[in-house]
Amino acid sequence: MGMATPIDGKKIAAQVREKIGEAVKILHDQHNYRPSLAVVLVGEDAASQVYVASKHKFTREAGMGSLQHELPADTPEDALIALIKTLNADDNIDGILVQLPLPDGVDTARVIGQIDPAKDVDGLTETSAGRLSLGRPGLRPCTPAGCVILAKQALAAQGEVLSGKHCVIIGRSILVGKPAAFLFLEQNCTVTIAHSRTKDLASVCAGADILVAAVGRPEMVQGNWVKEGAIVIDVGINRVANDNPKSKRKTKLVGDVDYISAASRAAAITPVPGGVGPMTIACLLRNTLLAACLRRGWPVPKGLE
Ligand code: NDP
């Protein structure tokens, strides 16, 4: 087997955003209304600031409203909850996203639990998680939804489908691993969830037609764990020291998968950066549009269901 095809998350995300932009135009023509997203950022986490800035940029580019609420790290939990209640009550806001992680000492579950499920564009409330696990329609978490789209497209390029494939997901977080498992199950994959207590992870991975790594450990997944011809979706974003003497940057981003060795066995693999990351934002925009349509009883534009 030669080198894997890189899965171009940037390009696929741009295509999704373009479709959303067109749907937003149609909604505006029909109803004179633009969906709006409110993002709440607490504290000054550098990575979060970068994510929030891109969310803002792409929301605007898609023709939707984007409002940002930046609060100091020492904001009392009750003040944060009061803001969420105000956003819940504001009929012009369709989506509410609280950027994670919240500062230490804040009860994340309590805060997220205040978001009106109809506006839960991150898909993290108990209602959204319950709907996902019961197989009922609802707003799905963005990163895992992006993983499914990327895996589907990589398989489609080979004339194949997700149904019946064995999908191994490493990681069982509320944000990524667990919802990814339900979403791949919904696509009729046979799903295995691996985690820090999994025995002989390498041989569990070796059975995967689709391997999703959402661990947060730089380059942990080795090429010899990857089945020949598998699709590898690397969710990890890890900042590590840059060992390239020619580069001026002291640090660089790597995934949870050792890209070079995995690419020598996989059929297709997502790069980091430029794989799953851009899809997360595209799915956030899709959720904002869906939330707007569902709240107002408008039909969901074709191709975005
Ligand atoms: P968490 O830390 O919440 O979860 C990590 C999971 O990996 C846990 O379930 C843990 O198992 C498991 N794990 C840890 N060590 C091992 C090990 N040695 N072997 C097997 N499993 C292990 O992380 P997240 O799910 O929030 O994020 C995962 C990665 O994805 C991070 O790098 C994060 O930055 C990135 N990310 C990227 C996004 C994107 O848009 N591309 C969005 C969100 C996250 P256990 O439960 O047993 O502890």
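Predicted model: local features only at pLDDT ≥ 70, side-chain atom pairs only at ≥ 80, totals over all residues.
View 1. Residues are numbered from 1 along each chain as its sequence is written, and side-chain values use heavy atoms, with hydrogens and water left out. Ser 128 is found in helix α5, and Glu 126 lies in that helix too, which spans residues 126-134; helices (H or I, at least four residues) and strands (E, at least two) are DSSP runs, numbered from the N terminus. Ser 128 is buried, with a relative accessible area of 2%, whereas Glu 126 is exposed at 74%; buried means under 20% relative accessible area, exposed over 50%, and partly exposed in between, with a 1.4 Å probe and protein chains only. From C-alpha to C-alpha, Glu 126 and Ile 7 are 32 Å apart in space and 119 residues apart in sequence.

**View 2. The shell around the ligand.** The ligand is surrounded by 22 residues, the closest being Arg 172, Ser 173, Ser 196, Arg 217 and Thr 280, and a residue counts as near if one of its heavy atoms lies within 4 Å. By class, the shell has 10 nonpolar, 10 polar and two charged residues, with Ala, Val, Leu, Ile, Met, Phe, Trp, Tyr, Cys and Pro taken as nonpolar, Asp, Glu, Lys and Arg as charged, and the others, Gly among them, as polar. Helix α10 (residues 276-296) gives the most to this shell, with three residues.

**View 3. Polar atoms facing the ligand.** An N or O atom in the side chain of Ser 196 is 2.5 Å from an oxygen atom of the ligand. Backbone atoms also take part: a polar backbone atom of Val 235 is 3.5 Å from a nitrogen atom of the ligand, and a polar backbone atom of Ile 237 is 3.1 Å from an oxygen atom of the ligand. Of the 930 Å² of accessible area that the ligand has on its own, the protein covers 71%; accessible areas come from the Shrake-Rupley method with a 1.4 Å probe, and for residues only the protein chains shown count as cover.

**View 4. Ile 237 and a nonpolar surface patch.** Ile 237 has its place in the loop between β8 (231-234) and β9 (238-241), and at 44% relative accessibility it counts as partly exposed. Together with Val 50 and Tyr 51, Ile 237 makes a nonpolar surface patch of about 270 Å². Patches are made of residues with over 30% relative accessible area and no salt bridge, with like charges joined within 9 Å and nonpolar side chains (Val, Leu, Ile, Met, Phe, Trp, Tyr) within 5 Å.

View 5. A cis peptide bond with omega of about 0° joins Leu 100 and Pro 101, and Pro 101 sits in the loop between β4 (95-98) and α4 (108-112). A cis peptide bond also joins Val 272 and Pro 273, with omega of about -5°, and Pro 273 lies in the loop between β11 (268-269) and α10. Asn 32, in the loop between α1 (9-31) and β2 (36-42), has a positive phi near 50° and is exposed at 63% relative accessible area. Asn 188, in the loop between α7 (177-186) and β6 (190-194), has a positive phi near 65° and is exposed at 51%.

**View 6. Salt bridges.** The structure holds 11 salt bridges, each being a side-chain nitrogen of Lys or Arg within 4 Å of a carboxyl oxygen of Asp or Glu. Glu 160 pairs with Lys 165, their closest N and O atoms being 2.7 Å apart; Glu 160 is partly exposed at 35%, whereas Lys 165 is buried at 16%. Asp 209 and Lys 227 meet in a salt bridge of 2.7 Å, N to O. This pair links distant parts of the chain, 18 residues apart, with Asp 209 in the loop between α8 (201-205) and β7 (210-213) and Lys 227 in the loop between β7 and β8.

Key. Polar contact = N/O pair within 3.5 Å; in protein donor to acceptor, adjacent residues only side chain to side chain.
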